[in-house]
Amino acid sequence: MLDVIGRSTIRLRSLIEDVMMLNRIEGGVSPANFVELSIRSLTTRVVEEIHPLAQSRGIVFEVDAGPQTAIVLGDTASLDRSVANILPNAITFSHP
């Protein structure tokens with residue numbers, strides 16, 4: 001039950017952050033902080049957060065994020081949220 005509560009808390013926090021970001025964007029304040037970041041580290045970080053949900057549904061993730069040198073320019077928080085929103089949907093609608 002604590003795992004479920006923890007995942008729900010993380011999801012709720014993410015939704016609140018999304019609403020706050022939309023509010024800032026609509027207000028003309030861009031919170032984006034573009035930096036160089038590794039696709040591998042981004043993917044690994046998000047998959048580690050989502051792993052308990054996947055495990056509870058009998059789903060195994062295999063991450064092939066390319067070479068360590070795969071770098072993009074982007075806002076870390078926004079990209080984290082984007083990937084963290086996609087993976088739970090994939091888990092929910094996938095069979096073990």
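This report describes the fold, core, surface and salt bridges of one protein.

## Basis of the model

This is a predicted model, in which local features need pLDDT of at least 70, side-chain atom pairs count only at pLDDT 80 or more, and totals for chains, interfaces and linings use all residues. Residues are numbered from 1 along each chain as its sequence is written, and side-chain values use heavy atoms, with hydrogens and water left out.

## Overall layout

The protein has 3 helices and 2 strands. Helices (H or I, at least four residues) and strands (E, at least two) are DSSP runs, numbered from the N terminus. Along the sequence the order is α-β-α-β-α. Taken along the principal axes, the C-alpha atoms fill a box of roughly 45 × 35 × 20 Å.

Of the 96 residues, 21% are buried. Buried means under 20% relative accessible area, exposed over 50%, and partly exposed in between, with a 1.4 Å probe and protein chains only. The accessible surface comes to about 6,900 Å², and carbon and sulfur atoms hold 62% of it. Accessible areas come from the Shrake-Rupley method with a 1.4 Å probe; for residues, only the protein chains shown count as cover.

Contact means heavy atoms within 4.5 Å. Among contacts with a separation of 6 or more, 88% join residues 24 or more positions apart.

## The nonpolar core

In soluble globular proteins, nonpolar side chains tend to be buried together. A nonpolar core is a set of buried Ala, Val, Leu, Ile, Met, Phe, Trp, Tyr and Cys residues joined through side-chain atoms within 4.5 Å. The largest one here has 9 residues: Val46, Val47, Ile50, Leu53, Ala54, Ile59, Ala84, Leu87 and Ile91. Helices α2 (39–56) and α3 (76–92) are the elements that each give two or more residues to this core. The biggest share, 5 residues, comes from α2.

Leu53 belongs to this core. Beyond its neighbours within four places in sequence, Leu53 touches Arg7, Pro88 and Ile91. Val63 sits in the loop between α2 and β2 (71–75). Val63 is partly exposed, because its relative accessibility is 41%.

Helix α1 covers residues 2–26 and includes Met20. The expected span of a helix is 1.5 Å times one less than its number of residues. For the 25 residues of α1 this gives 36 Å, and the end C-alpha atoms are 36 Å apart, so the two agree. Gly28 follows α1 and has a positive phi, near 85 degrees. Gly28 lies 37 Å from Val63, C-alpha to C-alpha, at 35 residues apart in sequence.

Leu12, Leu15, Ile16 and Met20 form a nonpolar surface patch, together about 370 Å² of accessible area. Patches are made of residues with over 30% relative accessible area and no salt bridge; like charges are joined within 9 Å, nonpolar side chains (Val, Leu, Ile, Met, Phe, Trp, Tyr) within 5 Å. Met20 is partly exposed, at 44% relative accessible area.

## Salt bridges

A salt bridge is a side-chain nitrogen of Lys or Arg within 4 Å of a carboxyl oxygen of Asp or Glu. The count is 2. Arg13 and Glu17 form one, at 3.4 Å from N to O. They are 4 residues apart in helix α1, which means a separation of about one helical turn. Glu17 is partly exposed, at 29% relative accessibility.

Asp80 pairs with Arg45, with 3.0 Å between the closest N and O atoms. Arg45 is partly exposed, with a relative accessible area of 31%.
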